[in-house]
Amino acid sequence: MEFKEVVEKRRALRSLERVEITEAMLEKLVEAASLSPSCFNNQPWRFVFVTDNAKLAVVHGSLSKGNEWIQAASAIVAVFTKKEMDCDIKGREYYLFDTGMATAFMMLAATDMGLVFHPIAGYSEEKLKSILNIPEDMTLIVAAAIGKASESINHLLTEKQALSEASRPERLPLTDIFYINEYNPVNE
Ligand SMILES: Cc1cc2nc3c(=O)[nH]c(=O)nc-3n(C[C@H](O)[C@H](O)[C@H](O)COP(=O)(O)O)c2cc1C
């Protein structure tokens with residue numbers, strides 16, 4: 001896929017169907033993430049993929065209300081990091097920023113592979129860390145459901161969630177988010 005197509009095709013869809021996620025596919029995803037830039041090349045990101053069905057069922061128990069649609073995901077990846085693993089430049093901490101960039105690389109690679117990669121913040125960090133054996137002092141900043149887009153709307157979706165399957169949630173006008181030469185917001 002062309003870059004533009006990958007960026008435009010990426011959607012946080014919630015109507016998923018099962019697809020086989022092989023180790024080779026996971027390697028491709030991690031390879032893309034590992035090519036992401038990081039402060040001093042610290043590479044503070046770590047990932048745990050869950051592909052085992054029994055384990056996926058346990059992970060479901062750590063998800064927040066509204067995320068029941070994840071039951072149809074074929075894999076879940078937990079993304080975690082630690083402040084000490086990356087730069088702190090006079091109070092500017094980069095671990096979450098760098099880990100987010102790597103996750104975006106992974107997300108676009110997944111899209112290019114024809115997969116849905118849907119990030120979520122709705123989970124109990126404590127429970128999910130315990131299930132996945134992630135040390136307490138690390139921040140589990142995001143998880144993502146990986147699967148294949150389904151033609152039929154998942155019956156577990158709320159009305160609002162179902163609506164957003166068909167059309168991408170609206171974005172701010174570009175003029176609200178960028179400035180040239182200086183920051184000069186007119187509406188604030
Ligand atoms: C950090 C983060 C957390 C999110 N958490 C959830 C979540 O818990 N549940 C959910 O259904 N979607 C979640 N989303 C998906 C967003 O709702 C979605 O990306 C947004 O509505 C824009 O839609 P689009 O990605 O299809 O363009 C999350 C996205 C991000 C980046």
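A residue counts as buried under 20% relative accessible area, as exposed over 50%, and as partly exposed in between, with a 1.4 Å probe and protein chains only. The legends below concern a predicted model, in which local features need pLDDT of at least 70, side-chain atom pairs count only at pLDDT 80 or more, and totals for chains, interfaces and linings use all residues. Residues are numbered from 1 along each chain as its sequence is written, and side-chain values use heavy atoms, with hydrogens and water left out.

View 1. T81 lies in strand β3; helices (H or I, at least four residues) and strands (E, at least two) are DSSP runs, numbered from the N terminus. With a relative accessibility of 0%, T81 counts as buried. A polar atom of the T81 side chain lies 3.0 Å from the backbone oxygen of P44. The side chain of T81 also makes a polar contact with the side chain of T99, at 3.4 Å. A polar contact is a pair of N or O atoms within 3.5 Å; within protein, one must be able to donate a hydrogen and the other to accept it, and residues adjacent in sequence count only if both atoms are side-chain atoms.

**View 2. The disulfide between C39 and C87.** The structure holds one disulfide, a term for a pair of cysteine sulfur atoms within 2.5 Å. The sulfur atoms of C39 and C87 are 2.1 Å apart. The pair links distant parts of the chain, 48 residues apart: C39 is in the loop between α2 (23–34) and β2 (46–50), and C87 is in the loop between β3 (75–81) and β4 (88–89). The torsion about the S-S bond of C39 and C87 is about -105°, so the disulfide is left-handed. C39 is buried at 16% relative accessibility, and C87 is buried at 9%.

**View 3. N41 and Q43 in the loop between α2 and β2.** N41 is found in the loop between α2 and β2, and Q43 is placed in the loop between α2 and β2. Although N41 is not a glycine, its phi is positive, at about 55°. Q43, not a glycine either, has a positive phi of about 50°. The relative accessible area of Q43 is 31%, which makes Q43 partly exposed.

**View 4. The two aromatic pairs.** The structure holds two aromatic pairs. Rings of Phe, Tyr and Trp (its six-membered ring) pair if their centres lie within 6.5 Å; planes under 30 degrees apart count as stacked, over 60 as edge-to-face and the rest as tilted. The ring centres of Y94 and F97 are 6.2 Å apart and the planes stand at 85°, so this pair is edge-to-face. Y94 is partly exposed, at 22%. Y179 and Y183 form an edge-to-face pair, with 4.8 Å from centre to centre and 90° between the planes. Y179 is partly exposed, at 27%, and Y183 is exposed, at 54%.

View 5. A polar side-chain atom of R10 lies 2.9 Å from an oxygen atom of the ligand. For R171, a polar side-chain atom lies 2.8 Å from an oxygen atom of the ligand. P119 places a backbone N or O atom 3.1 Å from a nitrogen atom of the ligand.
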